[in-house]
Amino acid sequence: MCIRDRHIYYLIAASISYSIAAVVHYFLSADYVFSDSATKKGFYEFFVFLLLGVIGLLLYELFMWLFVNFGHIHYLIAKIFSTGVTFSFNFFSRKYILFR
């Protein structure tokens, strides 16, 4: 939608969608996925969550760029692959670092 309707560069649009998803993911993770240990550490927990999210965003942008520019894959298909890669990183890093 950002790219097609608003003519936003694909990497900026990917950053926007990733950031929105990260905020939603934090609250869903804290409430439903890792509810036993979540939200007990306050600011520290949210800071580490954001730090891991920034690393995930950098990985996401890197894979988007690689798939589109070097793999010559359409940006929507690249988004699927990039999401799959960063999903694994985000889940396991948050599970073993943050919500242990």
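Contact is defined here as heavy atoms lying within 4.5 Å. Under this criterion, and not counting residues up to four places away in sequence, V48 touches I97 and L98. The structure is a predicted model, in which local features need pLDDT of at least 70 and side-chain atom pairs count only at pLDDT 80 or more, whereas totals for chains, interfaces and linings use all residues. Residues are numbered from 1 along each chain as its sequence is written, and side-chain values use heavy atoms, with hydrogens and water left out.

The protein has 4 helices and 0 strands, the elements running α-α-α-α from the N terminus on. Helices (H or I, at least four residues) and strands (E, at least two) are DSSP runs, numbered from the N terminus. Of the contacts in the protein with a separation of 6 or more, 65% are accounted for by residues 24 or more positions apart. The protein exposes about 6,600 Å², of which carbon and sulfur atoms supply 74%; accessible areas come from the Shrake-Rupley method with a 1.4 Å probe, and for residues only the protein chains shown count as cover.

Helix α3 comprises 28 residues (residues 43–70), which should span 40 Å at 1.5 Å a residue; the end C-alpha atoms of α3 are 40 Å apart, in agreement with this value. The expected span of a helix is 1.5 Å times one less than its number of residues. Within α3, the buried residues are E45, V48, F49, L52, G53, G56, L57, Y60, E61, M64 and V68. An α-helix has 3.6 residues a turn, so residues three or four places apart point the same way.

V48, in helix α3, is buried because its relative accessible area is 10%. Its C-alpha atom is separated by 8.6 Å from that of I97, 49 residues apart from V48 along the chain. V54 is also placed in helix α3, but counts as partly exposed, at 45% relative accessibility. The C-alpha atoms of V54 and A22, 32 residues apart along the chain, are separated by 9.5 Å. Just after α3, in the loop between α3 and α4, H72 has a phi near 55°, a positive value in a residue other than glycine. H72 is exposed, with a relative accessible area of 69%.

In helix α4, S82 counts as buried because its relative accessibility is 0%. Not counting residues up to four places away in sequence, S82 touches Y60, F63, M64 and F67.

The largest pocket has a volume of about 260 Å³. On a 1 Å grid over the protein atoms alone, a cavity is a set of points where a 1.4 Å probe fits but cannot get out, and a pocket is an open set with protein on both sides within 12 Å along at least five of seven lines; lining residues have an atom within 4 Å of a point. Grid points are joined across faces, edges and corners, and a volume is the space filled by probe spheres set on the points. The largest pocket is lined by 13 residues, of which Y18, A21, T83, T86 and N90 lie nearest its centre. Helices α2 (10–33) and α4 (75–98) each supply at least two residues of this lining, and α4 gives the most, with 7 residues. By class, the lining has 6 nonpolar, 5 polar and 2 charged residues, where Ala, Val, Leu, Ile, Met, Phe, Trp, Tyr, Cys and Pro count as nonpolar, Asp, Glu, Lys and Arg as charged, and the others, Gly among them, as polar.

Notes:
Buried < 20%, exposed > 50% of the residue type's maximum accessible area, 1.4 Å probe, protein only.
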